[in-house]
Structures are given as structure tokens and as C-alpha cells.
Amino acid sequence: MKERTLSIIKPDGVLRGLIGPVISRLEKEGLKIAAMKMITMTKDQARGFYKVHEGKPFYESVTDFMSSGPCVVMVLEADDVIGRYRKLMGATNFKEAEEGTIRRDFATDIEKNVVHGSDSRENAEYEIGYFFSALEMAEG
Ligand code: CMP
């Protein structure tokens, strides 16, 4: 079933020249990029984005990191894209990620793990709406 998810290439990925390699993996997997832009979040914007993690020990640190430089944010669209993109990314902790996944191949740290992807339909809807309006989404 056609779904949408939010993908972010995080500041470590942008800084290390990994925009191309990440996008190439998405396209090879047949995940359509329905919207894309480069942004630098303020600390407050990063806090709002990660509000589901508020109160967790890594909340301050991850929101500092996510507001430390530019990110590429994308809406991906495909059948079962939430699960397929999460499989492509690999586990949050790159040490536990499967061979051949983006995080296993490129991440250096549990925080600096190159990419983000929504973990459910409910969160995808919130996360897409956080960065994109309906007008910015490609049709067809
Ligand atoms: P992400 O998938 O973007 O969701 C929350 C982010 O917090 C996660 O990737 C990591 O970048 C960061 N993080 C840091 N420490 C942890 C942790 N122990 N568990 C989960 N996420 C963490």
C-alpha cells in the first residue's frame, strides 16, 4: 500500500559528503522522492521535531547535534515505504545494523547515525507536516 515517510540526511551525513550515496541507495530501492530541501534547524525546531523523545537522556544532545548544521529533508513515497526505508537505514545503533545498510556502512556513533526515518504512520504524518506543506509535494 502506498505510504509516505520522512527521511533526513543528518548534519554528519551532509558534512561528510554522503548526500549522493544516500540518495543513490533510495533510488536504487525504488523509493520515490516526493519532496526535498536543505535546512538548518534552530535548537527549538529540533526540540519540536524530536518531541517524542523529550525527557530521554539523549534528548538535549541529539537536538544540539541536529541543529549544528544543514540537513537534507525528504518525503519518500512508495508501497510500504516506512518499513522498507527503515530496513535500508539499519538499526539506530550502527553496531547492531545489518551488513549493507546505510548506518552500518556510514555511521560513526549512535547519535551521528547519518539518517533519520519515521517509525510509524502516525509519526510520519507529524514529521512530514513539520517540514512540508501539501503544495511542496510532487504529484504522480
Ligand atoms: P533517530 O532515528 O533520528 O531518532 C532519535 C535519535 O536520537 C537517533 O536517531 C540518534 O541519532 C539519537 N540517539 C542518541 N542516543 C540514542 C539512544 N540511546 N537511543 C536512541 N536514539 C539515540
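Guide: Begin with residue classes: Ala, Val, Leu, Ile, Met, Phe, Trp, Tyr, Cys and Pro count as nonpolar, Asp, Glu, Lys and Arg as charged, and the others, Gly among them, as polar. Here the shell around the ligand divides into 4 nonpolar, 4 polar and 3 charged residues. The model is predicted, so local features need pLDDT of at least 70 and side-chain atom pairs pLDDT 80 or more, while totals for chains, interfaces and linings use all residues. Numbering runs from 1 along each chain as its sequence is written, and side-chain values use heavy atoms, without hydrogens or water.

Visitor: Which residues are around the ligand?

Guide: A residue qualifies if one of its heavy atoms lies within 4 Å. The shell consists of K10, Y50, H53, F58, V62, T92, R103, I110, E111, N113 and H116.

Visitor: Which polar atom of Y50 lies 2.5 Å from a ligand oxygen, side-chain or backbone?

Guide: A polar contact pairs N or O atoms within 3.5 Å. For Y50 the atom belongs to the side chain. The protein buries 79% of the 450 Å² that the ligand exposes when taken alone (Shrake-Rupley method, 1.4 Å probe).

Visitor: How many salt bridges are there?

Guide: The rule requires a side-chain nitrogen of Lys or Arg within 4 Å of a carboxyl oxygen of Asp or Glu, and the count is 11. R25 and D105 form a salt bridge, 2.9 Å from N to O. This pair links helix α2 (residues 19–28) to helix α6 (residues 102–106), 80 residues apart; helices are DSSP runs (H or I, at least four residues), numbered from the N terminus.

Terms used:
Polar contact = N/O pair within 3.5 Å; in protein donor to acceptor, adjacent residues only side chain to side chain. Helix = DSSP H or I, 4+ residues; strand = E, 2+ residues; numbered from the N terminus.
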